[in-house]
Amino acid sequence: MPPYTHPLHFGALLEAPPGRPLDVLRLAERAEVSGLDVVSLPDHPYWAQRLDTFTLMSAIAQRTRRIRLLCNVANLPLRPPAQLARVSATLDWISKGRFDLGIGAGAQPLWDRIVAEGGPRLSAGESVDALEEAIHVIRRLWNPNTKANFRGNHYRLRDAEPSPLASGRIDIWLGAYRPRMLGLVGRLADGWIPSSFACSPADLAAANDLIDAAAEEAGRAPHSIRRGYNIAVDFDASERGFLQGPPHKIAKELAELSLARGISMHLLYRVESVDVLSRFAEEVVPAAREMVYVG
């Protein structure tokens with residue numbers, strides 16, 4: 001494994017409790033006060049109980065000053081790439097350069113919901129092709145030096161005006177699990193963000209190898225691609241499985257993932273409670289940092 005030497009970041013993937021969708025704003029403020037580095041929101045436009053992800057991130061950007069913002073991850077079939085480029089550029093301005101864009105190709109089990117909202121029904125292969133085209137479209141629209149042109153099977157641009165960025169750069173993270181998607185991470189993405197429930201610690205090494213091989217084939221340095229992980233933590237579990245148990249045990253497991261698998265961003269998954277968020281920030285994060293940087 002190459003030396004992945006990115007700074008170690010911790011954060012949260014926020015979920016609003018049922019019936020209280022604006023609680024994510026309070027949770028985001030608490031994440032920043034607690035010293036976390038990143039706050040993120042999932043994107044499921046087809047779920048009626050959810051408010052719009054990007055509108056909420058705009059509100060979070062206004063209520064915070066330091067913490068980075070990550071869409072984790074945008075549902076491409078219902079988010080045309082030209083729209084994603086413009087919305088992301090706007091969030092980059094509002095947040096003063098703190099926004100990064102995560103994108104997913106669309107989960108196959110949820111395709112009926114996507115179609116119900118007017119999205120296309122794509123095969124697994126077609127959805128990967130569309131995501132690759134979308135990355136090119138988005139990056140062309142972030143280039144201030146020229147009008148954007150692109151001709152693909154799914155998306156096209158013709159002399160489109162670019163979207164200026166406040167920071168000059170927005171990183172693109174991909175939610176990816178299968179070999180073709182992991183290869184796309186290695187060839188085109190800035191970061192990879194799987195979830196622990198779908199990609200176990202035992203799976204990370206093989207996935208990293210696929211990303212690294214694709215990066216090298218594309219002439220990229222594998223260590224330039226950041227690795228994140230959405231993690232499900234249970235402090236009160238009666239069992240003692242992965243990330244279950246007291247804070248010190250969880251901190252040790254996260255530190256091991258960073259040192260052995262190059263994970264540089266751990267995001268606490270589906271945070272609905274201020275208490276859980278605070279406990280993670282105050283008891284897990286400092287211990288994990290010490291193990292990585294000192295131990």
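**View 1. Helices H2 and H3 packed side by side.** In this predicted model, helix H2 (residues 53-63) packs with helix H3 (residues 81-94) at an angle of about 15°, the two axes lying 9 Å apart. That makes H2 roughly parallel to H3, since angles under 35 degrees count that way. The crossing of the pair is right-handed. From H2, the residues at the contact are Phe54, Met57, Ser58, Ala61 and Gln62, and they meet Leu84, Val87, Leu91 and Ile94 in H3. Sort them by class and you get 7 nonpolar residues, 2 polar ones and no charged ones.

**View 2. The largest nonpolar core, with Leu101 and Phe280.** This core counts 92 residues, and Leu101 and Phe280 are the ones that touch the most other members. Helix H9 (residues 274-293) puts in the largest share, with 10 residues. Zooming in on Leu101 and skipping its neighbours within four places in sequence, we find contacts with Phe54, Leu70, Cys71, Ala74, Leu84 and Ser88, and also with Ile138, Trp142, Ile170, Asp171, Ile172 and Trp173. Another core, of 7 residues, lies apart from the largest one; Val38, Leu70, Met265 and Leu267 are among its members.

**View 3. The buried side of helix H1.** Which residues of helix H1 (residues 23-33) are buried? They are Asp23, Val24, Leu25, Leu27, Ala28, Ala31 and Glu32. After H1 comes Gly35, with a positive phi near 90°.

**View 4. A cis peptide bond at Val73.** Here the link to look at runs from Asn72 to Val73: this peptide bond is cis, and its omega is near 0°. Val73 itself belongs to strand E3 (residues 68-75).

**View 5. Positive phi at Asp159.** Asp159 is not a glycine, yet its phi is positive, at about 55°. You'll find Asp159 in strand E6 (residues 156-160). With a relative accessibility of 45%, Asp159 counts as partly exposed, because that class falls between the 20% and 50% cut-offs.

**View 6. Positive phi at Arg270.** Arg270 isn't a glycine either, and its phi is positive, near 55°. How exposed is Arg270? Partly: its relative accessible area is 45%.

Technical notes
Residues are numbered from 1 along each chain as its sequence is written. This is a predicted model: local features need pLDDT of at least 70, side-chain atom pairs count only at pLDDT 80 or more; totals for chains, interfaces and linings use all residues. Side-chain values use heavy atoms; hydrogens and water are left out. Axes are lines fitted to C-alpha atoms, for helices over the stretch in contact, and angles run from 0 to 180 degrees between N-to-C directions. Helices (H or I, at least four residues) and strands (E, at least two) are DSSP runs, numbered from the N terminus. Angles under 35 degrees count as roughly parallel, over 145 as roughly antiparallel, 65 to 115 as roughly perpendicular and the rest as oblique. A crossing is left-handed if the near helix is turned anticlockwise from the far one by less than a right angle, and right-handed if clockwise. Contact means heavy atoms within 4.5 Å. Ala, Val, Leu, Ile, Met, Phe, Trp, Tyr, Cys and Pro count as nonpolar, Asp, Glu, Lys and Arg as charged, and the others, Gly among them, as polar. A nonpolar core is a set of buried Ala, Val, Leu, Ile, Met, Phe, Trp, Tyr and Cys residues joined through side-chain atoms within 4.5 Å. Buried means under 20% relative accessible area, exposed over 50%, partly exposed in between (1.4 Å probe, protein chains only).
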